[in-house]
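Trainee: Could you take a close look with me at one part of this model, and follow it wherever it leads?

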Amino acid sequence: MLWIKAFHIVFVASWFAGLFYLPRIFVNLAMVPPASVAERERLLLMSRKLYRFTGILAVPAIAFGLWLWLGYGIGRGLGNGWMHAKLFVVLLVVGYHHACGALLRRFERGESRRGHVWYRWFNEAPVLLLLAAVVLVVVKPF
Ligand code: HEM
């Protein structure tokens with residue numbers, strides 16, 4: 001079980017590395033002057049590759065989590081409110097991941113109208129989600 005947990009943590013950390021960095025590239029994309037076509041294309045290429053790779057990392061992160069939950073029964077049954085709360089946080093993380101994909105497609109179509117400050121705030125959301133998930137699973141407050 002500890003091996004599964006170790007791999008769960010490694011893939012969760014790698015998944016979040018992508019979720020932290022991708023919106024950081026969006027901040028840069030939002031600051032590119034319209035005439036800088038090459039710079040925009042390079043940032044778009046970086047975003048596309050990072051989005052694809054981050055999506056691949058999310059699969060084992062979630063699979064190892066499901067294994068711990070359903071396979072080893074950790075957090076199953078009554079009196080495990082922390083696990084239900086954590087599953088809700090995971091749903092939000094998956095939603096955030098999809099939102100990054102939608103924003104990327106908007107950048108690709110040249111339809112993004114939001115400024116870099118908006119993306120800086122958007123970039124803070126995974127920090128709060130990671131904090132919530134780790135506190136729930138380690139402290140188990142309820
Ligand atoms: C947002 C994504 C996730 C984050 C940030 C995350 C974070 C963590 C961390 C840091 C641990 C280690 C806790 C410890 O040392 O005991 C852990 C364990 C665990 N995770 Fe996740 N996880 C995520 C997704 C999932 C998913 C999708 C599931 C299941 C559906 C899951 C189920 C579990 C279970 C059952 C444990 C073991 C808890 C225990 O030993 O008390 N996790 N998670």
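Mentor: I4 touches F64, W67 and L68, leaving aside residues up to four places away in sequence; contact here means C-beta atoms, placed from the backbone, within 7 Å. This is a predicted model, where local features need pLDDT of at least 70, side-chain atom pairs count only at pLDDT 80 or more, and totals for chains, interfaces and linings use all residues. Residues are numbered from 1 along each chain as its sequence is written.

I4 sits in helix 1 (residues 2-31); helices are DSSP runs of H or I, at least four residues, numbered from the N terminus. I4 counts as partly exposed because it has 16 C-beta neighbours inside 10 Å (20 or more would be buried, 12 or fewer exposed, with partly exposed in between, using C-beta atoms placed from the backbone).

Also in helix 1 is H8, which is buried because 20 other C-beta atoms lie within 10 Å. H8 touches A61, F64, G65 and L68, again not counting residues up to four places away in sequence.

UniProt, in an unreviewed entry, places the feature "binding site" at H8 and K86; such annotations may be inferred rather than shown by experiment, and positions follow the numbering used here, with feature names shortened. Although these are spread over 79 residues of sequence, they cluster in space, with a largest C-alpha distance of 14.3 Å.

K86 lies in helix 3 and is buried, because it has 21 C-beta neighbours inside 10 Å. K86 touches A133, L136 and V137, with residues up to four places away in sequence not counted.

Technical notes
Helices (H or I, at least four residues) and strands (E, at least two) are DSSP runs, numbered from the N terminus. Two residues are in contact if their C-beta atoms, placed from the backbone, lie within 7 Å.
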